[in-house]
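Please keep the sequence and the structure in view while reading.

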Amino acid sequence: MRINDEQLKQVDRQIKRLIAANNFYGKMLKDAGVDGVATAEDFEALPFSQKQDLRDAYPLGLSTVPDEEIVRIHSSSGTTGVPVIIPYTKKDVEDWAKMFARCYEFAGITKKDRIHITPGYGLWTAGIGFQAGCEYLGSMAIPMGPGNTDKQLQMMQDLGSTVLCATSSYALLLAEEIEKRGIRQNIKLTKGVIGSERWGEKMRARIREILGIELYDIYGLTEIYGPGIGINCKYDTGMHIWDDYLYLEIIDPETGKTLPDGEWGEIVLTTLVKEGAPLIRYRTHDISRILPGECPCGSTYPRIDVIAGRSDDMMKIKGVNVFPKQIEEVLASFPELSSEYQIHISHLDGRDTMRIYVETNGSVDFAEMAKKVAERVKSKIGFTPLVKVVEIGVLPRSEKKSKRVFDERYD
Ligand code: ZN
């Protein structure tokens, strides 16, 4: 996949707008001697943009339009340091709602559906994105926000919610609660739209098994509109990305070189029509790959594979690069284990050690299980972790994103 003529024209227009606005990126591009793009080679020579730039431009240095055209801002706090502020124009807000509505349509959701929205509302882009797309499509929004499980389940039953929007952790928590209370027959859910978190096949299978619903993965990030820039279709062969709004590349995170379709690397996105805060070649740090070939659904929107991790989640242990996904795949090969786990990396007596916590039920010999898991991890990544087996339910469940990797070497 390479940038096409229409997309090139759009990027060229964005670059000229940025330079004319003389804002943060406008100055940066000018300093780099860029004044536009005419060919794919020009495009691939453009400098990347990074989260740190967005922080440096705090609060409104990214804005490319006069103040009176900004109708909303969103912010991503991140775990450290200065937040990032993204300004949106009226058109940006509408474009995002259209993209999100398209996501719902790809999931087979219609006006007749009642969409139960549990992601949070506020400065970040989660809840409001799900909401705007729902209203644009014409479905009924049930804007719950997170928390208060009793009320969630009450409303779900009384209003007959048919679609659940949640993080995977919260969807699992609600599913387990529905099972525990024995109220599945009162619940009308048929679909789940799951966003903003990497999740494994095991967790999916568990949610599907309890609720018996179809699950769809939604992709997005605050810097680029928010969630809703792509979703898998019913054939579940990767997430289609809306390339009429965004240009998608996969790069080698070390060298910055664009990689051919099929190869794993970091997702880089360029906004094609965004007005408030256009971003050129923005490094997402999400690891995936472009899936070659056509989807059986017939859509020509390009597809990416499941997010395999963050380029900054890559753990270098005893000189070996390890992604959490590799450990997750090993754990998923044991039907006795639950979907929850934690990885702790520490530095003891001059050596890196990895401890993995897993959950199982009381019918399994814990010591035997720990040994089997440790052996299989060793055969996959080349060194032996310490494995601790605990009872199901001991590891924390979260309403937001579950933290699973704890690197204690630099604490
Ligand atoms: Zn498809």
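## Strand pairing

Two strands are taken to pair if DSSP finds at least two bridges between them. The model is a predicted one, and in it strand E18 (residues 337–348) pairs with E19 in the antiparallel sense, over nine bridges. Within this pairing, Leu337 stands opposite Thr360 in E19. The hairpin formed by E18 and E19 has two residues between the strands, and Asp349 takes a positive phi near 45° there.

## Strand E19 and its parallel partner

Strand E19, which spans residues 351–360, is mostly covered, with nine of its 10 residues buried. Besides its pairing with E18, E19 is joined by six bridges to strand E20 (residues 386–391), and these two strands run parallel. Arg355 stands opposite Leu386 in E20. Together with helix H11 (residues 366–381), the strands E19 and E20 make a right-handed β-α-β unit.

## The second largest pocket

The second largest pocket holds about 250 Å³ of space. Its lining consists of 13 residues, of which Glu176, Arg206, Ser338, Ser339 and Ile392 are the closest to the pocket centre. Helix H9 (201–211) and E18 are the elements that give two or more residues to this lining.

By class, the lining of this pocket comprises six charged, four polar and three nonpolar residues. Domain 1 (89–310) and domain 2 (315–410) each contribute at least three residues to the lining of the second largest pocket.

Note on methods. Residues are numbered from 1 along each chain as its sequence is written. This is a predicted model: local features need pLDDT of at least 70, side-chain atom pairs count only at pLDDT 80 or more; totals for chains, interfaces and linings use all residues. Side-chain values use heavy atoms; hydrogens and water are left out. Buried means under 20% relative accessible area, exposed over 50%, partly exposed in between (1.4 Å probe, protein chains only). Helices (H or I, at least four residues) and strands (E, at least two) are DSSP runs, numbered from the N terminus. A crossover is right-handed if, with the strands pointing away from the viewer, the path from the first strand over the helix to the second runs clockwise. On a 1 Å grid over the protein atoms alone, a cavity is a set of points where a 1.4 Å probe fits but cannot get out, and a pocket is an open set with protein on both sides within 12 Å along at least five of seven lines; lining residues have an atom within 4 Å of a point. Grid points are joined across faces, edges and corners, and a volume is the space filled by probe spheres set on the points. Ala, Val, Leu, Ile, Met, Phe, Trp, Tyr, Cys and Pro count as nonpolar, Asp, Glu, Lys and Arg as charged, and the others, Gly among them, as polar. Domain bounds come from an automatic or database domain assignment.
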